[in-house]
Amino acid sequence: MKHAEITLKVNGIRYTVDVKPQRTLVEVLRETLGLTGTKKSCNEGECGACTVLMDGKPVASCLVLAIDAQGKEILTIEGLSKGENLHPIQEAFLKHGGIQCGFCTPGMVMSAKAFLDEHPKPTQIEVRKAISGNLCRCTGYQQIVDSIMAGSEMMKRES
Amino acid sequence: MEEYSVVGKSVERTDGRVKVTGKARYAGDLVAPGMLHGKILRSPLAHAKILSIDTSRAKALPGVMAVITGKDFPGIPFGTRPDTRDQLPMPITKVHHFGEGVAAVAAIDEDTAEEALDLIRVDYEGLPAVLTAADALKPDAPLVNEFIKSNIAYSSDFLFGDVERGFKEADHIREETFSSQRVTVGFIEPHACLAEVDPTGRILLQGSKQSPYITWRHMCRALDIPLSKMRIVNPFVGGAFSGKHDPFDVDFAAARLAQITGRPVKIVLNYDEVLAAYRQRNAMDARLRIGVKRNGAITALKAECILEGGPISGIGPFNIYYFGAFMNIPYKIPAIEYHGKLVYSNRAPCGTVRGQEIVLAQFALDSLLHMVAEDIGMDQVEIRDINAVTDKWRTANGMMVDVSGLRECIKRSAERIGWKESRRGRPEGRGIGFSCASHPSGPRLGGHFGSSVMLKLVEDGKVIITHGGTEIGQGANTVFCQMAAEVLGLPFEDIIQGVSDSDTTIFDSGMFGDRCTYWDGNATIAAANDLKRQLAVIAAKELGANPEDLEFKNGRIFIKGTPEKGIAFLLAVRRAYYERGEPLYGKGYWAATDIDLVDWKTGKGNLAHGLDFIATGIEVEVDKETGKVTLIKGVHGDDAGQPINPAMLEGQVNGGSAHMTGHALLEESLYDENGLALNYTWRDYKQPTSMDVPEYTVEHVHTHDPYGPFGAKGAGEASSCSTLAAIANGVYDAVGVRIKDLPITSEKILKALAEKERR
Amino acid sequence: MFIKRLPRFEHHAVTSIPEALDLLARYAEKADVYAGGTDLLVAMKKREKIPEHLIDLKGIAEMRGIHLDDQKGIHIGSLTTLAELEGSIVVKEKFGALWDAVNVMASPQIRTLGTIGGNLCGAVPSADTAPPLIALGGSVKMVGPNGDRSVLVENFFKGPKESVLRKNELLKEVFIPNPAEFASGSYIKLMRRNAMDLALVGVAAYLRLDSNGKTCQEARIALGAVAPTPIRVPQAEEVLTDRTIDITRAGEAGRVASQVCRPITDIRSTSGYRCSMVEVLTKRAVLEAYGRILRMR
């Protein structure tokens with residue numbers, strides 16, 4: 001079997017694509033679907049840049065075969081906002097200096113979303129643990145933690 | 001303190017929205033029609049002759065469009081200085097370090113390109129490897145760089161003031177050695193480049209480059225093409241920290257393969273390649289000797305350092321110079337003698353890293369200062385306060401410190417971290433370490449070292465700004481929009497960031513040395529004033545006033561003192577466009593020609609404006625049984641003049657400190673005895689995670705720099721310079737052991753504790 | 001030398017154990033099973049393993065799920081992810097040593113994918129789930145063409161990356177007997193940094209006290225990352241059995257444990273440091289387990 005025709009549901013949209021079994025999810029997202037918001041860096045699950053959500057849980061998409069992502073709800077950074085309407089977590093990152101070079105940002109925001117969806121009233125330590133799989137070299141993490149704490153407040157107000 | 005409308009406010013970053021939605025494009029995200037994918041074959045040896053490279057089988061693989069080696073380039077070496085041109089795009093006669101790229105392939109897809117690499121046969125003849133400075137300096141050491149007849153790449157010998165007298169006057173003298181390890185730069189985005197060549201031979205380069213100007217100059221030289229034959233358009237850059245100034249084989253190979261195939265070629269590295277073969281910070285060995293009076297005042301300093309730098313000198317000469325020249329800040333030192341050497345080796349090539357060599361110099365100096373303070377029974381905060389440079393201090397090598405808020409920084413840091421209380425009593429294993437540091441806002445390296453900005457007025461009243469700097473995350477784009485908005489009296493949102501394109505922008509000399517806010521900022525103000533003048537002439541006519549009597553504020557242009565006597569900014573714009581048919585541009589540049597050019601030989605001169613100051617206090621806990629260090633809290637008192645964007649400034653301070661936490665405690669690029677890299681994976685190269693760094697607090701100390709834009713100073717690198725010593729001093733304060741060779745590992749702490757026990 | 005894109009392979013998704021065993025029989029050395037893939041895919045990118053056939057086990061329902069049998073113990077399907085274990089209240093409350101391990105393993109993104117079966121089958125000396133399972137008296141059930149067999153986790157490992165699981169067998173589930181009254185365990189992992197890191201040393205301790213909560217009737221101590229396999233240390237356990245637990249006793253158990261372990265020196269740490277840390281961590285793990293029992297009463 002050289003190619004498999006698979007259907008992936010990404011950000012609510014169904015895509016039917018022809019992929020080789022050895023294609024990982026991050027490759028298909030970026031190269032086939034043109035969703036380059038999800039980044040690729042170490043390609044071995046040690047940096048978090050490729051973090052997307054599968055059925056609401058954070059995964060290293062460089063270690064998920066595209067084939068295995070079938071039947072799941074995949075959420076990437078592109079799926080968080082609708083046009084100019086940003087998710088409260090994204091607004092919080094903008095307000096609290098959580099972004100510098102921006103390369104870790106998509107993975108960081110997705111990890112934050114998965115976490116806040118399950119833990120709406122976090123402590124700072126819990127937030128640090130939730131993003132402990134996302135490397136950042138620019139910010140020193142402080143303002144990212146502040147952004148996620150603020151994001152949780154904003155999410156509470158919206159609900 | 002002046003009240004500004006936009007400057008001084010923590011406005012949202014201009015690039016925030018595109019980044020937080022995943023829409024920002026980095027080099028690896030770019031695509032071009034007909035694009036080929038490139039991969040690089042790397043040397044498995046640290047030092048070896050290249051006897052032959054057989055690319056025939058790779059070329060024959062279906063889907064492979066071109067294969068190149070070092071021989072496909074003109075063979076012209078390049079380098080930072082005319083006398084240090086020791087680098088080729090890709091090696092020709094020999095490989096110099098593990099992982100050095102020896103061949104590159106362009107193919108229709110990545111899998112084919114990877115497969116092609118396996119089909120290239122390289123015949124090597126191993127050579128003995130030089131790994132450490134000691135190795136390099138042995139009399140019979142093999143020569144590392146084929147262009148230079150010595151393993152000493154550069155040296156600096158400076159003498160400021162009367163050092164002999166200074167030591168004679170000292171009441172107490174202490175001499176210590178310090179060392180620091182190889183570390184990688186550690187930005188998260190790996191190197192990537194997309195190159196295309198048009199039918200006239202013009203190359204378009206879009207790469208993850210920090211200083212496109214440096215890339216441009218070096219590449220055109222080594223490719224033997226005129227500057228006008230290369231156009232650089234810079235995408236977003238995912239972190240740089242001085243690891244992305246030079247052009248690498250990634251950039252050269254993409255360009256050359258594009259030339260040969262006539263198609264766009266993109267090369268994106270995997271991060272393990274970056275860890276193995278790209279920019280690291282020099283390993284350092286230093287010996288410092290300090291003299292102080294009984295009251296703690298420093299009387300003299302003698303410093304020797306050797307930087308081991310890999311097989312090319314790169315920015316190394318600058319590092320050696322920096323180490324010595326900037327020992328003159330942040331403390332008042334009347335006499336300094338300095339000898340520095342940069343040596344070649346067969347480990348990964350070095351550039352510099354966030355904070356430059358001041359990071360290493362300050363680690364040594366502030367650790368030593370802590371030691372002498374203890375020797376003479378003086379409080380750690382007090383000794384720093386006594387020696388802190390003050391306003392209008394002229395350093396021993398001739399630098400003028402225009403404004404120094406350092407004493408206030410020290411006071412606020414000490415208060416905030418609870419220094420006094422900690423002296424009365426603290427839990428077992430806890431301590432606080434201090435260090436100060438200062439970083440200049442950009443020295444003047446050579447003739448073309450200016451910054452320029454262009455403002456284009458759009459007919460709907462908005463302004464598009466293009467500046468020569470590069471947004472690498474530090475917030476360059478945003479602060480200049482703030483400054484332009486302030487001068488023109490427009491809302492922040494009316495200033496739009498333009499593209500970073502060498503065809504329309506004059507690139508400045510590069511994003512390093514904390515120069516960006518300062519130099520490009522002053523250029524922004526000049527450009528805005530230029531535009532303002534032109535609009536003032538038009539508005540003056542409208543209002544029947546003198547152009548000099550007009551003020552620009554809140555989107556209006558009015559006569560000073562009588563705001564109702566004015567017109568909308570937009571009206572002046574329309575007059576220009578529609579009635580005069582005159583599109584308006586504001587041009588500005590700033591080149592700090594009033595300070596001295598770097599004098600490489602003596603290190604003397606008024607080297608820079610805008611010295612920013614920081615006083616860092618870090619609370620540390622050491623587990624005496626495991627030797628593990630936990631950072632509890634970090635406080636930074638920071639004088640960056642007038643903060644342009646306080647939130648972004650805090651981000652810079654926090655980030656530098658967290659980065660150096662890795663250097664202090666966790667990181668080391670390891671090599672085996674043959675020079676093969678051992679831990680070139682993030683699985684084994686440990687950069688700090690969110691759980692490895694403390695909460696940071698920044699105490700802003702507002703001053704006004706007389707030459708800085710709106711009184712601002714550069715602020716990107718001070719905390720990088722103060723953190724290493726603060727942590728080392730904190731460990732000492734916590735458990736009484738002094739570690740002078742970085743990184744401070746648990747093993748070293750336990751060993752030192754055991755020795756202390758025995759004594 | 002450097003990480004590449006995955007090599008070519010044929011992919012087979014199975015939904016039952018017989019299906020999987022059949023494929024394993026058919027493709028033998030040319031096949032590898034996987035669930036989370038967090039170890040296998042990395043090994044394949046590094047070309048350390050190049051299986052021509054990949055068998056995805058995630059569809060096998062009977063290898064999923066956490067079932068607590070009040071009489072006997074807990075059955076954990078080998079496909080249970082580390083995140084599922086982390087989120088399991090019964091695991092946290094009743095089998096705390098195992099929970100301690102998953103709490104500090106890898107990263108959130110890897111815990112979602114990685115499974116307890118994968119961690120055990122990978123059989124690296126530093127596998128974090130191993131010492132707790134050994135200390136808790138856990139066992140694994142393996143299924144093959146000739147039926148089921150069970151083995152205590154402490155007898156599961158043979159050497160670095162080597163276990164008693166045969167190439168034509170699957171690890172079906174992990175079983176941990178219910179803790180006795182007045183018993184508890186703990187696992188402590190020493191890492192270079194505070195997250196996303198392998199164990200330099202890992203120590204699990206399990207204590208069962210008498211009904212007065214004074215004398216230790218049973219002790220089990222297991223070490224990870226300091227020998228070719230995770231090991232149990234009966235010599236250290238003897239120090240605690242039939243004695244009252246206090247800092248000195250715990251320290252003595254640590255000292256004995258540190259003499260039994262055989263760690264190596266590698267780029268991550270030295271054997272000397274690892275041995276010293278076995279002593280410290282064993283003491284702390286014992287005291288932590290002890291503290292938990294006291295708090296339960």
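Predicted model: local features only at pLDDT ≥ 70, side-chain atom pairs only at ≥ 80, totals over all residues.
Helix α7(B) comprises 13 residues, 249-261, and reaches 17 Å from its first C-alpha to its last, close to the 18 Å expected at 1.5 Å a residue, the expected span being 1.5 Å times one less than the number of residues. Because 10 of its 13 residues are buried, α7(B) is largely enclosed by the rest of the structure, where buried means under 20% relative accessible area (1.4 Å probe, protein chains only). Among these buried residues are Asp249(B), Phe252(B), Leu257(B) and Thr261(B).

Between the two chains, 45 residues of chain A are in contact with 52 residues of chain B (heavy atoms within 4.5 Å). Chain A and chain B bury about 3,900 Å² between them, 51% of it on carbon and sulfur atoms, as the accessible area (1.4 Å probe) lost on being put together, summed over both. The interface holds 6 salt bridges, defined by a side-chain nitrogen of Lys or Arg within 4 Å of a carboxyl oxygen of Asp or Glu; Arg30(A) forms a salt bridge with Asp29(B), with the closest N and O atoms 2.8 Å apart. The elements giving two or more residues to the side of chain A that touches chain B include α1 (25-32) and α5 (142-158) of chain A, while the largest share, 4 residues, comes from α2(A).

Residues are numbered from 1 along each chain as its sequence is written, and chains are lettered from A in the order in which they are written. Local features need pLDDT of at least 70, side-chain atom pairs count only at pLDDT 80 or more, and totals for chains, interfaces and linings use all residues, with side-chain values using heavy atoms and leaving out hydrogens and water.

Methods:
Buried area = accessible area lost by both parts, 1.4 Å probe. Buried < 20%, exposed > 50% of the residue type's maximum accessible area, 1.4 Å probe, protein only.
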